[in-house]
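Colleague: I am new to reading protein models. Can we walk through one together?

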Protein chains: 2
Amino acid sequence: MKIKKVAIVGGTHGNEFTGTFLLRRWTNNPSEITRESFTTKTLWANPKAFYENKRYIDADLNRCFLRADLDNEAIHTYEGNRAKLINALLGPKGNPAFDFTFDIHTTTGNMGITLILIGEDQYQLRLAAFIKAHMPDVNLLCIPRELGQGNLSSVTPRMLGLEIGPVPQGLLRHDIFEQANEAMRLSLDYIHQVNKGDEPESGSNVEVFMLRGTVGFPVDDDGNICAMVHRELQDRDFKELKKGDAMFSTLNGETITFNEEKTAYPAFINEAAYYDLKIAFSLTDKISMPL
Amino acid sequence: MKIKKVAIVGGTHGNEFTGTFLLRRWTNNPSEITRESFTTKTLWANPKAFYENKRYIDADLNRCFLRADLDNEAIHTYEGNRAKLINALLGPKGNPAFDFTFDIHTTTGNMGITLILIGEDQYQLRLAAFIKAHMPDVNLLCIPRELGQGNLSSVTPRMLGLEIGPVPQGLLRHDIFEQANEAMRLSLDYIHQVNKGDEPESGSNVEVFMLRGTVGFPVDDDGNICAMVHRELQDRDFKELKKGDAMFSTLNGETITFNEEKTAYPAFINEAAYYDLKIAFSLTDKISMPL
């Protein structure tokens, strides 16, 4: 399978600056994202949200790509319009002009470089394993295909999301910026080598964190968040969380523990963008997947 | 000098959650901020900005307290109105009902617990030194009185700002929350002890970082930020910055060094709230002040 057209998308969320500024870097240094065997297009997904320093204007752009919503002319929010435009540029979904989409995000969680896979496609998995072979601290997070259909990157048959942190909203960190650039370099190298018929070695299997669900914040009678992620859980993304471990501290100082029987590996711990949804973190299962 | 009325202000900036949630804690646990020798009032400064998860709606509330602006009826922005109301409740400036204001802020900079003093009042300085004696990692940052007259806490004759980080905008960190609560407990204890005529020992002098100025981000011909705080400077708030040290990395990867002859101690390094002002960090001088 040959990849001929690659899209690199940044700034899907306006207050996640790293992607937007990586695009500016590559505008000045196009050779960094150029490979002989395919063409690369960069796309700045949500300029207005960047200028307003918000995740989105009207609706989360990374939830606007369900086929039914793309086909629904009655949806004409700012992001609804952007989604239709991006679908026209990179897709259309189902019969796309582009073969592969990279989408660059940041998180306030301590997730390091996390590669987000939608579905269990072997090509994506091998690409992610190749990056991890060169950057061992990288994590792979897999979202079931049916849950990822609203995501921007679902316009092309194959995709990889970069989710890097911890970085606060509305700023750039040099260390994070360089790590993201390196992960992109490796990704494009991999695609080029496979295109040449020279697939690099990635091992026989790879560790993947499979999304299990989310955990909501405790709320009071008025629905207000009334507890914090416990300091013993804070920053421990992808570490074991067992029954009885501290999970929340209420504002009054009481500890609430994790009570599921099955050990979990949390992700997106204390992600600022999920406070309005009252989501405290996600749960994943650690599995090994064959390559 | 006896302090009879103390105001504790939180949520002056809507996306700095710690103060807002500390006020909620104290609503449920009023004894924590109650002392026999004075009354304590809590004030939630900018509810609308909190609900919109923004620093401010129309104007930075912590710059709205110049006497001329408070007296100017033509200023009727959301924050202009709030400032006039807060001035009526705690002030009026020049003849205030309250003796002391605490104002709780957070920063994305790695500033730990920083106590912000406006002017060189000895009472404030001794209070801050007392907190530092019990929490040795605390930093004292002094802003010249003339530069602090727009600040909310300038409505009362004495004040202390809490500036705690690193914490991203729009979320709570349990560790930061508890440190802020502890700093407030010590502060109220100090005031109570002094009121009783039993001033605690704080030493004969204290280390203070005196604001010298700010350093702007490099910008391109269109005025866009085109460099990042260098990873060797990131997170090094209140550490020595000498001539020749790395200061910025351009998006293209070139290093820009610090070129002032006089060694500085930076603060507010990579504070997200200052990106729209294109300010990268502040410079301070480390001095010792007698108590």
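Modeller: Start with a definition. Contact means heavy atoms within 4.5 Å. Keep in mind that this model is predicted.

Colleague: Why do the copies meet through the same surface?

Modeller: Of the interface residues of chain B, 100% are also interface residues in chain A, so both copies use the same surface. The contact takes 32 residues from chain B and 32 residues from chain A.

Colleague: What rotation superposes chain B on chain A?

Modeller: A rotation of 180°, with 0.0 Å of shift along its axis, and the RMSD is 0.0 Å. The two copies are thus related as by a two-fold rotation axis. In chain B, Pro168(B) comes closest to that axis, at 2.3 Å (C-alpha).

Colleague: How much area is buried between chain B and chain A?

Modeller: About 3,000 Å², with 56% given by carbon and sulfur atoms. His174(B), Met228(B) and Leu251(B) supply 23% of the area that chain B buries against chain A, more than any other three residues.

Colleague: How many salt bridges cross the interface of chain B and chain A?

Modeller: The rule finds four. One salt bridge joins the side chains of Asp235(B) and Arg173(A), at 2.8 Å from N to O. Helix 1 of chain B gives the largest share of the side that touches chain A, five residues.

Colleague: And sheets? Which strands of chain B stand at the edges?

Modeller: Strands of a sheet pair through backbone hydrogen bonds, either parallel or antiparallel. Here, three strands of chain B form an open sheet in the order 8-9-10, with antiparallel pairing. Strand 8 (227-229) and strand 10 (255-257) of chain B are the edges; each has a single partner strand, so one side of each lacks a neighbour in the sheet. Met228(B) has Ser249(B), in strand 9 of chain B, as its bridge partner.

Terms used: Residues numbered from 1 in each chain as written. Chains lettered and ligands numbered in written order. Predicted model: local features only at pLDDT ≥ 70, side-chain atom pairs only at ≥ 80, totals over all residues. Heavy atoms only, no water. Least-squares fit on C-alpha atoms with pLDDT ≥ 70 in both. Pairing = 2+ DSSP bridges. Helix = DSSP H or I, 4+ residues; strand = E, 2+ residues; numbered from the N terminus. Buried area = accessible area lost by both parts, 1.4 Å probe.
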